[in-house]
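Have a look at the sequence and the structure, and then we'll go through some of the details together.

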Amino acid sequence: MSDLQQEIQPKGAKIKGNKPVNQLEAANRFIAASAHQQMHDQRLWDLRKKRDAQMHLIPEWEELRDLASDIKSHTLDHLADYLEEFERNAKANGVHVHWAKDAQESNQIIAGILKEHDAKNLVKSKSMLGEECLLRQHLEEEGVTVIETDLGERIQQLDKEDPSHVVVPAVHKSRTDVSKVFVKTLNAEEGNNDVHYLATTQRETTRPYILNADAGMTGANFLVAETGAVVVCTNEGNADLSANTPPLHIVTVGIEKIIPKMEHLAVFIRLLSRSALGSPITQYTSYFSGPRKGGEMHVVLVDNGRSTRLASHKFKAGLKCIRCGACMNTCPVFRRSGGLSYGSVYAGPIGLILSPTYNVHKYRNLPFASTLNGSCTNVCPVKINLHEQIFAWRETLAEEKELSLSKRIIMTSLGKLFAHPKAYRMAVQTGDKLLSYLPHFMVYNQLNTWGRQRDIPTPPKETFHSWYAKNYMKKGKADE
Amino acid sequence: MEVGLFIPCYMDALEPEVGISTLKLLERFDVNVTYPFDQTCCGQPMTNTGCHKEAEETEKLFVKNFSSFDYIVMPSGSCTNQVRHHFDAIQQTDEVLHVRKNTYDLVEFLHDILKVASFPWANFSHKVAIHYNCNALRGLRHASMSERREPFFSKPKDLLSKVKGIEFVELERPDECCGFGGTFSIFEEGVSAKMGQDKVMDQHRSGAEYVVSADSSCLMHQKGCAMRMGVDLKYAHIAQILNGDLS
Ligand code: SF4
């Protein structure tokens, strides 16, 4: 614990304009902060264990996953129809529905609604789409005060950091780190690391904003086409406060969040929190089917690249994601690297496949931050073929000439070497003894990264190949 | 039954004894094993890096070497996964499809095809932790996985339980990836080594004397980490245990 108190929280990836994010460099810094890294790994592994326990309590778990996956696939195949159905029904409920083709348009629409109501103070519950659109920054430039109401999200806002995880945004911070942020920004007691105290401090300092807000904003976990309703799941009840206290409620949601019918909702509600936190259900599952009495409700349906993704055969399935974060919790790379090292809104396995769809050059290194172990695919409640898409991204990157030069050079040489048995034999059996015995790819780059933290295998006296030649060729067992 | 033996490139160069155990083990059963002399690699380093075109000639060579056999057997789950699931750079002729369909990892071959009932020659009185290579576990389904709600099964454990004296110990994270990941271990060295170190510590805490796996590549990485960390653990390929070469 004392290590964790003293150690400075590592910061995320360094973003340099449109330059490819160097995830590995940031991950290495995270690993070097070993107390933080260990805490991060353990916290997320605990979530994974709780999730497993919940899964074992549901005999039909795998059928539920199949069902959820099928519902999502079906919806994606008829997306336009269901969105129109939602619009009709929501309008009939008295909800204003807006369509935004990208982040900029979405931000403008929201700023416009706020301006119309002369709203200067906005309280906001957690929304990954908001992060994706840089909504807060945009509104602040327009003179609107935006306050995050989710505890983790508020911590990150106060620390001027992005969320590091879709469900637990401040999971990379220790209690001491949070306390330090609160001392600096909320006048909290110095050195008081008590969880209860910290949570209360946040709540007490945020409540006045909620009570005085002109408008409240939430994301949405699901849109129900059949009823035109919006469903929001939280554990702190902050979305309900944000939505119900001020007279104006704005919902911003990605178009892929729609499901056809009420009966489908149950399938996802059963899967969401169990997959995310290993709890049977979120504390608050709120169903907003219209504006509150005397109030106004707006829903902004945001595309921001989603229809392009929908048209791509290889990467379409990423749109099934319900943002439970299970793939991050299970990912051994994510648990070691920390979410901020990815330098993108979405991190972990789902981030590896979504990020390049926003900017292929900037995020070209991300699909390599995986061992392709496939745990993500099998934990995913909607059965997204995550590791296959990561694999497919690598091929796409190579085709689009977005592979780093060193990778391309090594692979071209290797491909040639392995295609020519004689040349290959020469490389393995002649020349400098040690180098000749190591698989070529291990030592091909001059850095020899293998040996930095791992011992290099001791070369044997002879290869299998020459042993076989000696011992079996005589017996006439070889094929030549 | 004509069996073509494939020895992965890294095994040929670094762990010939595993290849020898595999060959001798297969010869104990009623199969005719041939080692085609012109073999090199399965193409995995290129394909995994996205360079499918660069793997094309290697895949062709593989098919040329192995298409005449009833079965192609290799002591490597990850290379088997490559041949079975990723041989896509070349035209899918009947020969290619034959090779893809009939390529088996040693464990699968012993367990599913030969259905071996006992290894009377083998004796191994040690505490053993099993390491599952991720490609073998989730790609070839060597065993049940902890992410899924499915009954427990484990082909490597089934086989090893037929060896006299063996005692199994359990890991805290039984099927977490060790961080080898092919070229991941080179290109993403920092995370890879950290994962390997954590894996070694889990194995160490389990009380294992030996870590046994159907894949030498993961073991090479773990062994490299253990040696550097000064942790006293031994690593063995399942072929060496089943053939009774270690005791
Ligand atoms: S990809 Fe699957 S596991 Fe990952 S956040 Fe989305 S729904 Fe959850």
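The side chains of A:Glu161 and A:Lys11 meet in a salt bridge, with 3.1 Å from N to O; the term covers a side-chain nitrogen of Lys or Arg within 4 Å of a carboxyl oxygen of Asp or Glu. A:Glu161 belongs to the loop between helix 9 (151-158) and helix 10 (175-186) of chain A, and A:Lys11 to the loop between helix 1 (2-6) and helix 2 (23-32) of chain A, so the pair ties together parts that are 150 residues apart in sequence. Over all chains, the count comes to 44 salt bridges. Helices here are DSSP runs (H or I, at least four residues), as are strands (E, at least two), numbered from the N terminus.

A word on the ground rules: this is a predicted model, where local features need pLDDT of at least 70 and side-chain atom pairs count only at pLDDT 80 or more, while totals for chains, interfaces and linings use all residues. Residues are numbered from 1 along each chain as its sequence is written, chains are lettered from A and ligands numbered from 1 in the order in which they are written, and side-chain values use heavy atoms, with hydrogens and water left out.

Now, where does the ligand sit? The ligand is in the largest cavity, by the rule that more than half of its atoms lie within 2 Å of the grid points. On a 1 Å grid over the protein atoms alone, a cavity is a set of points where a 1.4 Å probe fits but cannot get out, whereas a pocket is an open set with protein on both sides within 12 Å along at least five of seven lines; lining residues have an atom within 4 Å of a point. Helix 15 (residues 326-330) of chain A gives the most to this cavity's lining, with 3 residues. Around the ligand itself are 13 residues, and the closest include A:Cys321 and A:Cys380.

| Space | Volume | Lining by class |
|---|---|---|
| Largest cavity | about 100 Å³ | 13 nonpolar, 1 polar, 1 charged |
| Second largest pocket | about 760 Å³ | 14 nonpolar, 21 polar, 5 charged |

Among the residues closest to that pocket's centre are A:His387 and B:His86. Helix 5 of chain B gives the most to the pocket's lining, with 6 residues.

Terms used
Points joined across faces, edges and corners; volume = space filled by probe spheres on them. Nonpolar A, V, L, I, M, F, W, Y, C, P; charged D, E, K, R; others polar. Near = heavy atom within 4 Å.
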